[in-house]
Amino acid sequence: MAEPILHLEDVTKKFASNYLAVNSVTLKLHQGDLVSLLGPSGCGKTTLLRLIAGFETPQPGTIKIAGRTVAGAGCWIPPEHRDVGMVFQDYALFPHLQVRKNVAFGLQNTKKKNPAEVKKRVQEALALVGLSGLENRYPHQLSGGQQQRVAVARALAPRPSLVLLDEPLSNLDVQVRLRLRQELRDILKAAGTSAIFVTHDQEEALSISDWVAVMRDGCLEQFGTPEEIYQQPASRFVAEFVTQANFLPARRRGEVWETEVGSVPVEKYPCEEDKVELMIRQEDLILQPDEAGNGVIRDRQFLGREHRYCLQMSSGRELIARTQTDNLLAVGTRVKIKVDPDTWQLFASRSCRSGD
């Protein structure tokens, strides 16, 4: 297999009072892959990005970019010599420079090029991000989405081995963000560039990336494809943060796990413990109006393609369900909740988790 574009080995970063912002993170990224660092505020994802960029020093750990050690093992390469492009959250464009000069600025730390080569690189980068013809505009004459694409063009112009993006879409309106995240993926794929995104938006991470690295308290909680992260969360934290699932206590009753919404065979989810938690995704709850049901619809939200129901159970527990909009259920309706036995996931001690 080809050498990874990025290889992190036991990368750690401590700040004052021995606070571990990044705790022994190891991962690999290959040519052309896009990975999202996903997690809540303070989980260490931006610090990890800064370590890769060279704005912070690991202590300890090693970082290799395109097969070259840039940090660790007695080596330190400054940011400008790491062959890395950076897109900041606020884009960091120079307001007094035209678009073409902002993009050309990204070439100043590369090997000296003649003016014709610089012009060619700028034109290619602007064409790639769909901004040809806007070379002479200033940042204030552009929309937020166009400014973001200028920042991407500046990062791509030197043709770096790796592009780092720190929440590049967070300052945009929702509709613009939805459109640009696909454009951004298309741009990076067309350039054949490997990239790392920092985001706290689950949907953004799942839709834009080839791989997702979920972080928690400085640690890498799970690394996998978007489908793996969503369908097979490795921990309760991942299930709650990414899948936004429901958790129900289950007690062994003979050969079944018994929950307040039904039973499931123990053989499907074997465990030696007598009490476990079963996870069920919001979209896997089936709601049927039933006066004898043990759930009541407390609230309903219309989300366009689906409804989100907040269910109050007889036990006092609250569950969330998402359904298609064709069968509208009124607030106050008593419902029976059904679950396909194949859609549960077991969470207990590590030895009992399904998939281990």
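Glutamate 277 has a relative accessibility of 26% and so counts as partly exposed (buried is under 20% relative accessible area, exposed over 50%, partly exposed in between, with a 1.4 Å probe and protein chains only). This is a predicted model, in which local features need pLDDT of at least 70 and side-chain atom pairs count only at pLDDT 80 or more, while totals for chains, interfaces and linings use all residues. Residues are numbered from 1 along each chain as its sequence is written, and side-chain values use heavy atoms, with hydrogens and water left out.

**The largest pocket**

- The largest pocket holds about 870 Å³ of space. On a 1 Å grid over the protein atoms alone, a pocket is an open set of points where a 1.4 Å probe fits, with protein on both sides within 12 Å along at least five of seven lines; its volume is the space filled by probe spheres set on the points, which are joined across faces, edges and corners.
- Its lining has 21 residues, and the closest to the pocket centre are Arg181, Gln202, Glu203, Glu306 and Arg322; a lining residue has an atom within 4 Å of a point.
- Two or more lining residues come from each of α5 (174-191), α6 (202-208), α8 (236-243) and β18 (306-313). These elements are DSSP runs numbered from the N terminus: helices are H or I with at least four residues, strands are E with at least two.
- Sorted by class, the lining has nine charged, six polar and six nonpolar residues (Asp, Glu, Lys and Arg are charged; Ala, Val, Leu, Ile, Met, Phe, Trp, Tyr, Cys and Pro are nonpolar; the others, Gly among them, are polar).

**Salt bridges**

- The model has 19 salt bridges, each a side-chain nitrogen of Lys or Arg within 4 Å of a carboxyl oxygen of Asp or Glu.
- Arginine 236 and glutamate 277 form one of them, with their closest N and O atoms 2.4 Å apart. Because arginine 236 lies in helix α8 and glutamate 277 in strand β15 (residues 275-280), the pair ties together parts 41 residues apart in sequence. Arginine 236 is partly exposed, at 33% relative accessibility.
- Arginine 252 pairs with aspartate 274 at 3.5 Å, N to O. Arginine 252 sits in strand β12 (residues 246-253) and aspartate 274 in the loop between β14 (262-265) and β15, so this bridge joins parts 22 residues apart in sequence. At 25% relative accessibility, arginine 252 is partly exposed.
- Glutamate 260 meets arginine 317, with 2.9 Å between the closest N and O atoms. The pair links distant parts of the chain, 57 residues apart: the loop between β13 (256-259) and β14 holds glutamate 260, and the loop between β18 and β19 (318-324) holds arginine 317.

**Two buried residues**

- Glutamine 282, in the loop between β15 and β16 (285-289), is buried at 7% relative accessibility. Its side chain reaches the backbone oxygen of glutamine 244 at 2.6 Å.
- Beyond residues up to four places away in sequence, glutamine 282 touches Gln244, Asn246, Ile320, Ala321 and Arg322 (contact means heavy atoms within 4.5 Å).
- Leucine 285, in strand β16, is buried at 3% relative accessibility. Leaving aside neighbours within four places in sequence, its contacts include Asn246, Ile280, Leu319 and Val339.

How values were computed: Polar contact = N/O pair within 3.5 Å; in protein donor to acceptor, adjacent residues only side chain to side chain.
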